[in-house]
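Hi,

Here is the two-chain model we talked about.

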Amino acid sequence: MNRPCPQMQDKVADYVLGALDTQQAQALQEHLGGCEACRQYARSLQEQAQSLVALGQRLEADMEARRDRVIEALQDVSPAETDTRRIFPSVGGILRISVAAVLVLGAGVIIGRATAPRPVDVEQLRADLQASIVASLKPAVQETVLAEVDRCLESGLAANEANLRNELAEQLRGDLQLFATQFAAGSDRRMDKRFAEFVQLIEEARLKDRQQVAKALDRIEQNRVLDKTQIRTGLQYVAALTTKATPATQH
Amino acid sequence: MDERSDKELAWASHQGDRTAYAVLVQRHYKPVFLVCLGVLGNVHDAEDVAQEAMIKGFERVCQLRDGSQFGGWIVAIARNLSINLLRKRKTAAKAPVPDRPLEPQRAKSGHEGLQQAVARLPRDLRLPLVMYYFDGQDVKTVAEKLAISTSGVYLRLRTAIKELHEILTAQGDTP
């Protein structure tokens, strides 16, 4: 038998399984029409599939006899026996564990007694024990007390939550008013101070202006006096000239 | 024919009613046997393990919470027993044993040769092949029972029939 085309083997197998759609099946059939090796391969796989079905039917034919053998074998067992077997090993296991535990404890007691130290001073032992208990319990007691206090506080807070909220709101409101008042007073003081400084600056400016005006007036006065003197001198000169000229005119 | 449901029969079996359990065996033996055959690849081993599974099912039926699930439950027992048997054999051999015999078997004709060729397939190919051809289950059902996709089943079946053909050709027992 010639080898089928390697690229067609999967398609032939799918064809035998009925896994190809119509178009794929048609394409394969066209190939099979022209390829003897693939056609023989497809025929062989189909016969193999039929043989498998036939083998399954043969196995099916013997199935009844197998079922009968199973049912016959079941006569020797029962669920109850199984339950019993499941329970008793557990009980046995518990008993074994219990006996082992008793033996271990007994051995521990015996060894403990054999190796125990001599009797000690009872008072000393009591004092040591008390100190040990106090030392060991103190942190735990503290922790317990703290936890209890926390719990009480939490419960108290939870119970008075509304009142606390109102009180806090009142307090906040009062604080805000006080702050506003103080802020306003402080603001007024700052404004007065600023105003006083401003007035002082204006006064200083005015004083300086007055001084400058006074200086200017002095200069003007000096200029005026100087001008007056010069005018008087000029007039005297003119008068003198006039006096000299008058007799000549009379002649 | 007993008309009782699997749930009623399982409950009656739990009470020790062998007749009720025999009805369950009648209903569910075939898938149990075929899953054993699919895993083990050998009819005699499959028969032994299927019987063991059925007996265990009777013994442990009290552990089954929902009697209506008896079918899937007993098949799962059979499959686990089959896999355990394979493991025991591998351990006993103290060496990895392939799913298929190393030495080619002597050529046999007819159903015996085909059965032998099926036994030589790898387990993951054999089980879907047995379910599809021997039990007549469709691809979708096989996929659900093996918890794989339908395309996965088709792939396994395609590979299985191709390998089966090669084995049979090598045996000189082409159908």
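Let me start with H6(B): at 1.5 Å a residue its 12 residues should span 16 Å, and the end C-alpha atoms are 15 Å apart, which agrees. The expected span here is 1.5 Å times one less than the number of residues. Helices are DSSP runs of H or I with at least four residues, strands are runs of E with at least two, and both are numbered from the N terminus.

Before going on, the housekeeping. This is a predicted model, so local features need pLDDT of at least 70 and side-chain atom pairs count only at pLDDT 80 or more, while totals for chains, interfaces and linings use all residues. Residues are numbered from 1 along each chain as its sequence is written, and chains are lettered from A and ligands numbered from 1 in the order in which they are written.

Back to H6(B). 10 of its 12 residues are buried, so the helix is largely enclosed by the rest of the structure. Buried means 20 or more other C-beta atoms within 10 Å of the residue's own, exposed means 12 or fewer, and partly exposed is in between, with C-beta atoms placed from the backbone. Among the buried ones are B:Leu125, B:Arg126, B:Pro128, B:Tyr132 and B:Phe134. What do the buried residues of H6(B) pack against? The partners are H2, H5, H7 and H8 of chain B, together with helix H3 (36-61) of chain A. Contact means that the C-beta atoms of two residues, placed from the backbone, lie within 7 Å. After H6(B) comes B:Gly136, with a positive phi near 70°.

The pairing with H8(B) is worth a look. The axes of H6(B) and H8(B) come within 9 Å and cross at roughly 95°; axes are lines fitted to C-alpha atoms, for helices over the stretch in contact, and angles run from 0 to 180 degrees between N-to-C directions. The two helices are therefore roughly perpendicular to each other, a label that covers 65 to 115 degrees, with under 35 counting as roughly parallel, over 145 as roughly antiparallel and the rest as oblique. On the H6(B) side the contact uses B:Asp124, B:Leu125, B:Pro128, B:Leu129 and B:Tyr132, which meet B:Val153, B:Arg156, B:Leu157, B:Thr159, B:Ala160 and B:Glu163 in H8(B). By class that is seven nonpolar, one polar and three charged residues. For the classes, Ala, Val, Leu, Ile, Met, Phe, Trp, Tyr, Cys and Pro are nonpolar, Asp, Glu, Lys and Arg are charged, and the others, Gly among them, are polar.

Zooming out to the chains: chain B has eight helices and zero strands, and chain A has seven helices and zero strands. Buried residues make up 41% of the 175 residues in chain B, against 9% of the 251 residues in chain A.

Now the interface. The contact takes 36 residues from chain B and 33 from chain A. On the chain B side, the helices that each supply at least two residues include H2 (18-40), H3 (43-59) and H8 (150-171). That side divides into 19 nonpolar, nine polar and eight charged residues.

From chain A, take H4(A) (residues 63-73): its buried residues are A:Arg66, A:Arg67 and A:Val70. They cover an arc of only 100° around the axis, which puts them on the same side of H4(A); the arc is that of the directions from the helix axis to the C-beta atoms. These buried residues pack against H2 and H3 of chain B. The face turned away carries the exposed A:Glu64, A:Ala65 and A:Glu72.

- A:Pro4, in the segment before H1 of chain A, is buried, with 21 other C-beta atoms within 10 Å. A:Pro4 and A:Ala37 are 33 residues apart in sequence but 4.8 Å apart in space, C-alpha to C-alpha.
- A:Leu20 sits in the loop between H1 (9-17) and H2 (22-34) of chain A. With 18 C-beta neighbours inside 10 Å, A:Leu20 counts as partly exposed.
- B:Ala147 has a positive phi of about 60° although it is not a glycine. B:Ala147 lies in the loop between H7 (139-146) and H8 of chain B, and counts as exposed, with 7 C-beta neighbours inside 10 Å.

Cheers
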